[in-house]
Amino acid sequence: MSPRHHLLLLVLVALFAGCATPRAAAPLAAGSTTPPSDDIWRGRTDLITAPPRQTSSAVRLPPLQRFRLGNGLQVLVIPDRQVPLIDVRLAVLAGGIDDPAPLAGLAEFTAAMVRQGTARMDADTLSRAVDAVGAGLGAGAGYESTTISCAGRPVTLGLCLQLVADLGFRATFPETELQEIRDRLLSSVKETRDDPEALAALHFNNLLYGDEHPAGRPMTAESLVRIDGAALRRFYRERYRPSGAV
């Protein structure tokens, strides 16, 4: 045993010995027959007193409006006029669980590409339109769904509704933007491989689900290289549908 381990052992023994030894009672004060109290808070006048207990009241939530459009899109509206902001979100039932085995990362790649151009605007025009009104526009894929969102001041509601619809159902997947998005995803794969915690999570998921389940197949550099414009457009056409979105 090294000197360091020997010293640590002595410290632990001393601590356990101290815990096992009963604490000696405090001596009685002169002329007193009552042992001192162990309550260190008794008699204190500088403590903060608890506020009086309040009766709980019912939680009032804004009314939820629910309806379905003619194209099958389900719409949920929660108006709250106390907050001068709007938040438009489109949830599409398409995510990593739908990735084909050789194309792990296809859902994430697709979500990243919808921001790169639509039938109305290219990527630069989209960015200028959003920046001009101080709004925020984004898209991201999860395991079971993809979310496209736009948020800003109430005056941007019309623009946000248009942009979210365009990204969700009218994206063009320009080949000129394809390699840039692939490079970005390749960088994220490399960062994951350099992160011990993230890497351990990937191995753990693979151990649980195996190679045949989407949850056990991580996105890799090899799978990203296999994904081309045709695969992206096919996934988008098959999965991004109004009847499969909220």
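Author: Begin with helix 8, whose buried residues pack against helix 2 (106-113), helix 4 (157-169) and helix 5 (175-193). The model is a predicted one.

Reader: Which residues of helix 8 are buried?

Author: Within residues 229-239, the span of helix 8, the buried ones are Gly229, Ala231, Leu232, Phe235 and Tyr236. Because they cover an arc of only 165° around the axis, they sit on the same side of helix 8.

Reader: How many helices and strands are in the protein chain?

Author: The protein chain has eight helices and five strands. Their order along the sequence is α-β-β-β-α-α-β-β-α-α-α-α-α. Of the 246 residues in the protein chain, 29% are buried. Among contacts with a separation of 6 or more, 69% join residues 24 or more positions apart.

Reader: What is the mean pLDDT of the protein chain?

Author: The general idea comes first: where pLDDT is low, the predicted coordinates should not be read in detail. Here the mean over the protein chain is 88, and 85% of its residues reach 70 or more. Residues 19-24 have a pLDDT below 50, and this stretch has one contact in the model beyond near neighbours in sequence.

Reader: Now the pockets. What volume does the largest pocket have?

Author: Rolling a probe the size of a water molecule over the atoms shows where empty space is left. In this model the largest pocket has a volume of about 1,100 Å³. It is lined by 29 residues, of which Leu76, Val77, Asp87, Val88 and Leu157 are the closest to its centre.

Reader: Which element gives the most to the lining of the largest pocket?

Author: Strand 3 does, with six residues. Strand 2 (74-77), strand 3 (86-92) and helix 4 each supply at least two residues of that lining. Sorted by class, the lining of the largest pocket holds 23 nonpolar, two polar and four charged residues.

Reader: How much space lies in the second largest pocket?

Author: The second largest pocket holds about 560 Å³ of space. Its lining comprises 24 residues, and the closest to its centre are Glu108, Leu202, Arg217, Pro218 and Met219. Helix 2, helix 5 and helix 6 (196-209) are the elements that give two or more residues to this lining. By class, the lining of the second largest pocket has 13 nonpolar, seven polar and four charged residues.

Reader: Next, backbone angles. What is the phi of phenylalanine 173?

Author: As a general rule, most residues other than glycine have a negative phi. Phenylalanine 173 has a positive phi of about 55°, although it is not a glycine. Phenylalanine 173 is in the loop between helix 4 and helix 5.

Reader: Is phenylalanine 173 buried or exposed?

Author: The cut-off for buried is under 20% relative accessible area. Phenylalanine 173 has a relative accessibility of 3%, so it counts as buried.

Reader: Take one more loop residue. Where does proline 102 lie?

Author: Proline 102 is in the loop between strand 3 and helix 2. With a relative accessible area of 45%, proline 102 is partly exposed.

Reader: Which residues does proline 102 touch, not counting those up to four places away in sequence?

Author: Proline 102 touches Ser223 and Arg226. Along the chain, proline 102 and serine 223 are 121 residues apart, yet their C-alpha atoms are separated by 6.1 Å.

Note on methods:
Residues are numbered from 1 along each chain as its sequence is written. This is a predicted model: local features need pLDDT of at least 70, side-chain atom pairs count only at pLDDT 80 or more; totals for chains, interfaces and linings use all residues. Side-chain values use heavy atoms; hydrogens and water are left out. Buried means under 20% relative accessible area, exposed over 50%, partly exposed in between (1.4 Å probe, protein chains only). Helices (H or I, at least four residues) and strands (E, at least two) are DSSP runs, numbered from the N terminus. The arc is that of the directions from the helix axis to the C-beta atoms. Contact means heavy atoms within 4.5 Å. pLDDT is the predictor's confidence in each residue, from 0 to 100. On a 1 Å grid over the protein atoms alone, a cavity is a set of points where a 1.4 Å probe fits but cannot get out, and a pocket is an open set with protein on both sides within 12 Å along at least five of seven lines; lining residues have an atom within 4 Å of a point. Grid points are joined across faces, edges and corners, and a volume is the space filled by probe spheres set on the points. Ala, Val, Leu, Ile, Met, Phe, Trp, Tyr, Cys and Pro count as nonpolar, Asp, Glu, Lys and Arg as charged, and the others, Gly among them, as polar.
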